[in-house]
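Subject: The two-chain model, with notes

Hi,

Here is the model I promised to send over. Have a look at it first, and then read my notes below.

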Amino acid sequence: MHEYSVTKSLVDLCIREADRNGFKKIYRINLAIGKFTGFSADSINFYFDYLKEGTSCQDAEISFKEVPIAIRCRSCNRESTIEEPMLICPLCNAVDIELLTGREFLVESIEGE
Amino acid sequence: MKKVNILKPVLVSNKERASQNKKFFNDLGAFVINIIASPGAGKTSVIERIIQYFEAEKILVIEGDIRGQTDSERLRKTHADVVQINTLTECHLDAFMIAQVLPEITQPYDIILVENVGNLVCPAEFEIGEDFKLAILSTPEGDDKPIKYPLLFHLAAVVVVNKSDLLPHVDFNVTHAKDNIEKENKRARVFTVSAKTGEGFDPLCTFLAKKVDGKKKNKN
């Protein structure tokens, strides 16, 4: 449900960045989403199709890049990548974990002219 | 066609606005708690107990609901002041909604309790300028919720397990709940309470009082 306001923020950010970079049209938005966020690509696409109308993003599509959950265990001091957002060290089972990546939700780049 | 690197968080505007809100709250010397839980977990009842404990402190509640004023009406019977935000369609409070009510805050407060919209998912993503997030998990919801809604429990500094009075009647194991919280957030402080009976609020409020005092000292 929160993807509406999130997608609105995405479109607003891309319009601003298109202006700053002298783009009249954006064709691709390269978006990175960490696996430890609550954002769904399907919902973002759903709202994007509606929100992009009449803006410089009108002809754009979003390319999603999933960022894995990478952690460092404070117990054994080793780094791992985990599939599920459950912060347990797969190497020593400790739960005192530092999250290295997985919370990203950013526009990496835009392509346009 | 050209490609330019942007490397900006999508929620950059919200983050910037949250920092401005935080500065406003810091200037007031108010300790701000963003209270997040599912509908019916007992957010308003927990808030009533916290207000009762801090009888000498000046407290403001920012009350977030999709519609209605029922929680505000309840809380206006306490010594706290209340500001209502109706989000109408949005399932969470964001930094801009909080910013809109800042002009109504015309006096200093020791504590500001923000009751977010009842939801375990969306409110976790939006900073509002709080000092920390407090998640409430009530016993009828089940002890597996930290695993199902990991982000909130990962970000919450404090988790309150509410409705301990119902433990004999529901399938909820406090030890399992604590283990599940630990899997998301080793550093979270967990307090088991009953807003119905008042049990367990002394340790919680003693912990909060230290935070509130710390903030006051920082201001002075």
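This is a predicted model: local features need pLDDT of at least 70, side-chain atom pairs count only at pLDDT 80 or more; totals for chains, interfaces and linings use all residues.

Residues are numbered from 1 along each chain as its sequence is written, and chains are lettered from A and ligands numbered from 1 in the order in which they are written.

**Chain B overall**

Chain B has eight helices and eight strands; helices (H or I, at least four residues) and strands (E, at least two) are DSSP runs, numbered from the N terminus. The C-alpha trace spans about 65 × 45 × 35 Å along its principal axes. The radius of gyration of chain B is 17 Å, which agrees with a compact globule, because 220 residues packed that way would come to near 17 Å. That radius is taken over C-alpha atoms, and the globule rule is 2.2 Å times the number of residues to the power 0.38.

Of the 220 residues in chain B, 48% are buried, meaning that 20 or more other C-beta atoms, placed from the backbone, lie within 10 Å of the residue's own.

**Around strand β7 of chain B**

Strand β7(B) covers residues 158-162, and four of its five residues are buried. It pairs (DSSP finds at least two bridges between the strands) with β6(B), residues 132-138, running parallel with five bridges. B:S138 has B:N162 as its bridge partner there. From β7(B) the chain crosses through α7(B) to β8(B) in a right-handed β-α-β crossover: with the strands pointing away from the viewer, the path from the first strand over the helix to the second runs clockwise.

**Where the chains meet**

Each side of the contact is made up of 29 residues, from chain B and from chain A; two residues are in contact if their C-beta atoms, placed from the backbone, lie within 7 Å. On the chain B side, β1(B) gives the most, with eight residues. β1(B) also pairs with strand β6 of chain A (residues 105-112) in the antiparallel sense, over six bridges. One of the bridges joins A:V107 to B:K8.

Happy browsing!

Technical notes: A residue is buried if 20 or more other C-beta atoms lie within 10 Å of its own, exposed if 12 or fewer, and partly exposed in between; C-beta atoms are placed from the backbone.
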